[in-house]
Every structure is written in C-alpha cells, then in structure tokens.
Amino acid sequence: MPVTPQASTEPAALAGYPHPVAFSIQIARNVAVQGLGLGMVVLMGLAVGPWPYVAGWTAVAIGALTIEHRVLRRVAEGGAIARRASAWAPALRVFATSLYALAALVLIAGGDGGVRLFAVALMTASMLHVLMRYYRSPRILLASLTPHILVLAFVGYGLTASALRHGHGLAALAAAFTIATFGLQFWSARGQLAGAWSELMAAREAAEERERAAEAANQAKSQFLATMSHELRTPLNGVLGMTQALMAEILTPQQHERVAIIRRSSESLLAVLNDLLDLSKIEASTLEIEETEFDLEHLVRGVAAAWRPIAAKKDLRFDFEIAEGAAGLYLGDSPRIRRVLYSLCDNAVKFTASGGVTLHVARNDDRVVFRVTDTGIGIAEADLRRLFEGFFQADSGPTRQYGGAGIGLAISAELTGLMGGGIEAASKPGQGSIFTLCLPLGRAWAAGGAPVVDARRGDADRIAALRVLAAEDNAVNQLVLRTLLAPAGIDPTLVENGREAVSAWEAQDWDVVLMDIQMPEMDGIQASRAIRARERETGRARTPIVAVTANAMTHQVVEYEAAGMDGVVAKPVDAKTLIEVMERALTRIPPSLPDSGWERATA
C-alpha cells in the first residue's frame, strides 16, 4: 500500500523540469511503509487467488517500486542524470498504479466484504499517493489515476446494472452519484493542493527576494559607512593634527584652553563615528576579536589616568583598586577591553554630580572581574532592563541633561559577548550604580615561567635622521603629516599618488614609506605590491611600508598585510601612534618573512 512521504520543498535539482516531483523523498520511510502495504496485499491475495499468481504479482510490484525509488533518488540528488530520471518517474508511477489497480480489481471480484473493504482502502491510498506527488501536473495525474478510474467505473457499472435488474432505480442512481462525487471531490482537492503549492512558492520567492534586497541594503549600508568613515576621517585628520601641533607650541592659557576644547570636541566626534562603525560591524557579524598579550594593571591604570582629570573637573574623586593576584600579563583583546571600560567610566562620570567613581579589578578563578561603582543619579528598574539596547537612553526627552548617542553600552555588551564574557548593572534611583564586567582572560607567560616582554623597541635618537617618503594626495593631510613629524625632526618627501611613490622609491633608498590607500592613478595597495615585486626582482633590501589611511577596518587591514605593508595607522593620525608604528616597522626582527611582526594600530 503506497503511502506518500511528508511533503516538503521541491529539490533544487528539479527546478524548471517539466514534471518535477513535488516533495522531498524520504526513501527509507517510504520503502518501509510500502513494504507493509505489499505484505497486506499478499495476505489478502492468497485468500482469493492461487499463490503462483500472487507471487508473480509481488515480484513485479517489488521490482517496479525498487526501480522507482532509485529513479527518485537520482532526481533528488540532482546533476545531469536528474533530468532524464525525472522523465522516467511518471511512467514508473503509472505502471505501479496499474499493478495496485489490478490487485484491487481481483480482490473486489473474488473476495468477501472485508477483502473488498481492503481493496477500496488500497485504491484510495494509491490515489492519494499519486495526488500528493503529481497534483501540479494534471496530465500525469490523470494518466496515473486512469487504472483506478477504470476499476471504479467497472465497479460502478456492476452495481448500477445489478440495482437496475432488481428494479432499484434509486440505488442505481446512488452508486453512480457516489462514484461521480468521489471523482469531483478528488479533482477539487488536486486544485486546492496546486493552489496552495503555488502560493507557497510565491511566498518563498517573495521571501527570497526580500532577503536579497536586505542583503543588498546591508551591503549598501556597509559601503556607505566605509565611504562616510573615509570622508569624515579626512577632515578630522586635519582638525586633530593641527590641534596636536598647536598644543605643542607655546600658547597663552586662554589659547591653550580653546585648542583643548577643539581637540576634545573632535575626539568626541571621532568616538561617535567609531561607535557607529563598530555597531554596524557587530550587526553584520564582521567584527573580529584579536587575542594579544597585554599588561592588565597598565591597561586599567591608563583608563583611570584618562578619566581622573575629567572627574576632577566635576570635583569628583576617581579611585582605582586592583586586588592582589590580579596584576600581570594576560591574553585578550586589550583595545576592546579598554573600549568597554572607557564606556563604563564615561557613564559613571557623566551621571555623577557629587561623590566619586571607583574602578576595581579582581581575579575570580579563570576570570577577571572589573567593577565600576559610582554615587550618581542611579537608574530606574524599568530602564535597567533596556540599558544595553542600542540607542536607548533613560533620559531621552527634549529637556535631557546628559548627551550621548545611546550606543556605548550596547556596543559594550556586544563586545563583551564576543569576548566570551558578561556585563550587568545594578542600580537604584538616587543611590548610584554598579557595572560589573566579567571576562575569561588567561595569563601569558614565557617558557621559563617569566612574563613575556616585548624586546622590540624603537631607537628614538635615530628617528630624526630617517629618510621618509610619504604618499598622500590630500593637501591638508600632507600638511598634517609634515606638521606631526616635524617635532621629531623628520622632514618627509611628499608625493601625490602611488605611481609617484613607486618612482621615488626606485630613485633612491628610503628608511620608511608612509602610504595612503585611496589615491589617483595608482592606489596604495597597488603601489605596495609593485614595490615588493621590485624588491624580489632586484634583491633590494626590504623597505618598511606603513599604511596611513582612513580605511582601517579589520578586513581592510588584512588586505594591506597581504599587499606587503608592515603596519597601519588610522586617520585621524595621532602623532605618538605614528612614531611608535614607524619604530616597530623599522625594527621588525625577521625582514625576510613579510608576514611577521605585523602591527595594527588605530588612533
């Protein structure tokens, strides 16, 4: 007795075929059920007919069903043979249906009431099997059902004739009406199934189209953010570069305060830009966590040192505590940890009007626990539940006292999750807040049991004597580079594109090349590849190349590394970071290995 496997989506291999199978074939289950059905047919057949005929029918039925299942398996697997197999499947089903119709006819003709009831059930199951498989193709469905239709017509004719012979006209009409109604209902079910399938396919196509549109929109958003990042960082590079230069000069207290305000405002704008970019990368699942070695106490003291002066301006104390046993070298993403701590300290200082803030660090088994406690305004219970949602602000009305984009804590929660840790907040209105950051950080030790120490240190005394080639097409950025390098005694040679950089490199030896990425004629990546290729061809010593660019996302940095660059400094350029990356690029230990000693730095 054939029973239809559960319907599913159409196999991809059948797309566009003239008569595709309308469900995903569950072969093992189908064979088991059909085996049970065949067994029942054999038992009923032995009750009404000679066993040789039953055995012959059984052998033919098993052979037909086996071949059909193999053909359907080929169709489901796809490939070149699937098209030919899909053409054979309907013919095999017509043949199998004919075998079941023949069996039903014999059982009806020679059996008693129970056997005849089984024969009707057999035909019904076989017809449903065909209906579920070929309801989208009326011609194949009709061809497959024809044997059963003929049997039903024969039975109906016999019943009608018998009723008429006995003078029961109403009974004769009822028999014909019953068979006709069965046929109409069956065909109506076919139409409903076909309509439902068409709606399902239309819904799937619409969903796929929406998915493609969403992917395109996401790509457009990523491209937009990358472009805006570059366009915003370029003027910010000029603003921050010049403010760094001004603050290094002799200024009156009033001038120094004004320049400091310009710098802080620019840095705040840069922080918002970085938050938006990080949030976008987190949403797109493209932000990567990089595990490096760092000194925990040094990192946290740096955070405290950054926020203590800001707290002091509000007459707040900012205390830092590190528990015994927590200090030392660890492995983790120190820039991301610093970013989260900055966000927590920023909120603590921002929302505290009196008292102070405490940053406490302790170690609990294999985890490091950072706790930021403040005596600020506190947070309502209802707001605590939404505190780590993007763009949520507890004070979001038009009269709000505190600034911010409302994404710092959301990014902190996401970064913490990516690092395998957790972050939570506890607070009551008017009683301050406690933010707890817990991260799984392993210790870093050298083979001899001593902490690892970075032995590569730049020689500041020889910086001033460096021959520096800088490729930069923007006039403002050229001035910024020259201004930031001047205090170190460096007077860079400036060119305006990658082609000029390659020509200048060919003309003489350079100690380091500072390479912008987006330039006319030849970009920085192409220029770096050209220089590395010429080094291999001529045997010339490797010249360190440092990317100085507004495009400093993780996937872009990987591309720079592949092009042969030795470091990257993100715009806006920080003078200290620029010098440090140049020093590291100059002191790379194995110059013959282009991928070693890679440094990633962001301003």
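I started with terms: two strands pair if DSSP finds at least two bridges between them. Helices (H or I, at least four residues) and strands (E, at least two) are DSSP runs, numbered from the N terminus.

This is a predicted model, where local features need pLDDT of at least 70, side-chain atom pairs count only at pLDDT 80 or more, and totals for chains, interfaces and linings use all residues. Residues are numbered from 1 along each chain as its sequence is written, and side-chain values use heavy atoms, with hydrogens and water left out.

**The sheet.** I looked up the strand order and found E1-E3-E8, an open sheet of 3 strands with antiparallel pairing. Strands E1 (292–295) and E8 (442–443) are at the edges with a single partner strand each, so one side of each has no neighbour in the sheet. I then followed E1 to E3 (residues 329–332), and they pair in the antiparallel sense over 4 bridges. Asp295 has Leu329 in E3 as its bridge partner.

**The helices.** How do H8 and H9 (residues 334–350) pack? I found an angle of about 25° and axes 10 Å apart; axes are lines fitted to C-alpha atoms, for helices over the stretch in contact, and angles run from 0 to 180 degrees between N-to-C directions. H8 and H9 are therefore roughly parallel, a label for angles under 35 degrees.

**The contact.** I checked which residues meet (heavy atoms within 4.5 Å). Among them are Leu299, Val303 and Trp307 in H8, and Ile337, Leu341 and Tyr342 in H9.

Notes:
Angles under 35 degrees count as roughly parallel, over 145 as roughly antiparallel, 65 to 115 as roughly perpendicular and the rest as oblique.
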